[in-house]
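User: I would like to learn how to read the features of a two-chain model, one at a time. Could you take me through them with the general idea first and the case at hand second?

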Amino acid sequence: MAEQTEYKKPLPTLSNLSRPFWDATKQHRLTFQRCKLCGPHVFYPRDICPGPECFGVGSMEWAESSGRGWIYSYTISHQPAHPGFVPEVPYVFAIVQLEEGVRMNTNIVGIEHSDLRIGMPVEVGWDDVTPEITLPKFGRRGG
Amino acid sequence: MAGSLRGVAAIVGIGELKPERQRRGQDAMSLLSEACYLAIQDAGLTKRDIDGMVMEPELAVGGGGFNPKMAEHMGIFPRWATSSDTQGAAGVCMALQAAAYIQAGLASIVLCGIGAAIDPDAPRRRGGGDATETATTEFQNPFGPTVGANGWYALIAQRHEHLYGTTVDKRAKVSVDFRYNANHNPMAIFHDTPLTVEEVVNSRVIADPLHLLECVMPCAGACAYVVARADIARSLRRQPTYILGGGLGIPRNNLTHVGEITLAPAGLAARDAFRMSGYGPRDIQVREIYDSFTITVICEMEDAGFCQKGEWVEWSKDQDFTFKGNFPTNTHGGNLSAGQASTAGGCAQVTEAVRQIRRDGGDHQVPGPTDIVMVTGSGGTFAQQSTMILGSEAAL
């Protein structure tokens with residue numbers, strides 16, 4: 001596939017911790033860890049619980065996300081750190097807050113930059129960038 | 001009440017290289033050594049007097065063991081040496097650590113410093129490509145962060161603008177007032193270039209909403225100081241600059257995951273610094289506030305308590321941040337206009353505070369009293385920020 005050799009942007013290097021996340025995105029499912037002992041969702045992946053009262057070790061399990069959230073903050077990037085993004089400038093690098101309470105970095109796609117605002121409802125979509133890796137990106141809900 | 005560092009130690013010597021866009025053929029260790037030599041000589045001490053060190057590895061110097069490397073490089077062999085690993089907060093943290101070591105009896109005269117190289121002949125690292133660390137880059141770099149820290153601070157600025165209306169025409173005051181100070185400081189990289197609000201607003205966008213002239217520019221340089229036990233300090237040639245209090249706030253590593261991102265950790269640090277020093281925001285006569293970006297300063301000023309959160313825009317209309325003004329801040333020009341030699345930029349905030357307290361500021365000396373000065377440092381993107389209160393003998 002042509003895209004395979006042409007994809008010039010950084011790809012995640014999967015670790016034992018992160019592999020379940022990327023295995024799920026490949027199936028177009030967004031998942032986050034939550035602690036069996038104390039409950040709240042956690043992102044990025046880890047093997048211990050960071051909960052304020054919790055000392056859970058090996059207590060984290062993967063759970064489905066609704067894929068719905070809001071723009072917490074965003075920037076329209078004109079000067080990317082990595083040359084692979086240069087053809088796309090200006091593009092949107094954002095923090096999205098999910099319904100499960102976690103926040104993650106992503107790109108906002110399919111929304112006019114002048115329409116963007118903090119608090120805007122968004123939902124996950126899928127960018128199959130290589131046969132192995134699918135990146136979760138966010139766009140207008142129901143869009 | 002917990003212990004206190006108030007008056008335990010003083011800064012007795014400072015040394016600094018002028019920030020430059022690049023310094024050909026000089027690595028961070030040689031730059032730092034030069035600044036250290038200046039600081040020791042300024043204090044009127046010899047190498048043999050130094051019995052403690054806090055050498056801070058610049059971000060690009062890896063491999064660990066930086067204190068022994070510097071010890072061997074300079075021929076200074078202390079009995080106690082550690083780094084602080086606090087990134088841009090280190091300028092302040094090194095002094096607090098030195099005072100704590102002195103109080104604990106681990107050392108009596110401590111050499112502190114940071115150097116940062118930009119050598120066009122040395123191999124340059126390419127940023128933004130690595131996506132290997134699960135806690136950070138793996139979930140960031142595939143989405144294309146803006147170069148350097150610009151995009152991360154843009155996320156703070158966007159949210160601050162959304163919540164409080166802090167648009168670029170308002171933020172520009174920070175750049176413009178600090179530039180005026182730089183125009184009176186011959187050591188500043190932008191000494192010869194004035195700046196207007198219009199120029200800031202019309203400069204190109206790097207990471208919306210941040211414009212070029214709201215962002216620091218990478219420089220090479222080095223900065224160092226010597227901290228001595230108070231009784232020793234009083235016997236040396238320079239007027240001592242006493243460490244009156246300090247603290248560090250660490251609410252997160254990455255903005256993405258934890259807490260309200262418009263809250264500067266300097267607020268947490270300032271609470272400890274004020275408590276320990278016995279002074280509050282209204283007592284502070286001069287501020288050297290870590291200024292990686294305009295928005296950094298605005299949040300730090302709000303959260304340290306100089307104005308209410310979210311009210312900076314209204315409040316700042318009545319403030320003059322120049323060294324001649326009612327609210328002198330970043331009297332040397334700050335990182336934005338004096339130059340940010342990577343994390344050594346935070347150390348230059350400390351040496352400038354010492355200069356002001358000694359009344360050695362030359363053309364940029366604050367005309368009013370300079371006995372009580374607040375200094376902050378900022379590491380990562382609101383990951384860790386330090387605050388320290390420095391004072392003259394009269395402030396003790």
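User: Which two strands form a hairpin with 5 residues between them?

Analyst: Strands here are DSSP runs of E with at least two residues, helices are runs of H or I with at least four, and both are numbered from the N terminus; two strands pair if DSSP finds at least two bridges between them. In this predicted model the hairpin is formed by β7(A) and β8(A), with 5 residues between them. Strand β7 (residues 121-128) of chain A joins β8 (residues 134-140) in the antiparallel sense over 7 bridges, and D127(A) has L135(A) of β8(A) as its bridge partner. β7(A) also pairs with β4(A), antiparallel over 3 bridges, where W70(A) stands opposite P121(A).

User: Before we continue, how are the residues numbered, and what does the model being predicted imply for the features?

Analyst: Residues are numbered from 1 along each chain as its sequence is written, and chains are lettered from A and ligands numbered from 1 in the order in which they are written. This is a predicted model, in which local features need pLDDT of at least 70 and side-chain atom pairs count only at pLDDT 80 or more, while totals for chains, interfaces and linings use all residues.

User: In the open sheet of 3 strands in chain A, which strands stand at the edges?

Analyst: The order is β2-β1-β3 with antiparallel pairing, and β2 (41-42) and β3 (60-64) of chain A each have a single partner strand, so one side of each is left without a neighbour in the sheet. Between β1 (residues 31-35) and β2(A) there are 2 bridges, and R34(A) stands opposite H41(A).

User: How many residues does each chain give to the contact between the chains?

Analyst: Two residues are in contact if their C-beta atoms, placed from the backbone, lie within 7 Å. On that basis chain A contributes 32 residues and chain B 31 residues, and on the side of chain B α4(B) gives the most, with 6 residues. That side has 14 nonpolar, 14 polar and 3 charged residues, where Ala, Val, Leu, Ile, Met, Phe, Trp, Tyr, Cys and Pro count as nonpolar, Asp, Glu, Lys and Arg as charged, and the others, Gly among them, as polar. Pairing also crosses between the chains: β4 (residues 68-77) of chain A and β5(B) are antiparallel over 2 bridges, with D208(B) as the bridge partner of I76(A).

User: Is strand β8 of chain B buried or exposed?

Analyst: A residue is buried if 20 or more other C-beta atoms lie within 10 Å of its own, exposed if 12 or fewer, and partly exposed in between, with C-beta atoms placed from the backbone. In β8 (residues 241-249) of chain B, 9 of the 9 residues are buried, so the strand is largely enclosed by the rest of the structure. β8(B) pairs antiparallel with β11 (residues 384-391) of chain B over 7 bridges, and 2 bridges join it, again antiparallel, to β1 (residues 9-16) of chain B.

User: Which residues touch the most other members of the largest nonpolar core?

Analyst: In soluble globular proteins, nonpolar side chains tend to be buried together. A nonpolar core is a set of buried Ala, Val, Leu, Ile, Met, Phe, Trp, Tyr and Cys residues joined through C-beta atoms within 7 Å. The largest one has 148 residues, of which A95(B), V226(B) and V227(B) touch the most other members, and helix α3 (residues 90-104) of chain B gives it the most, with 10 residues.
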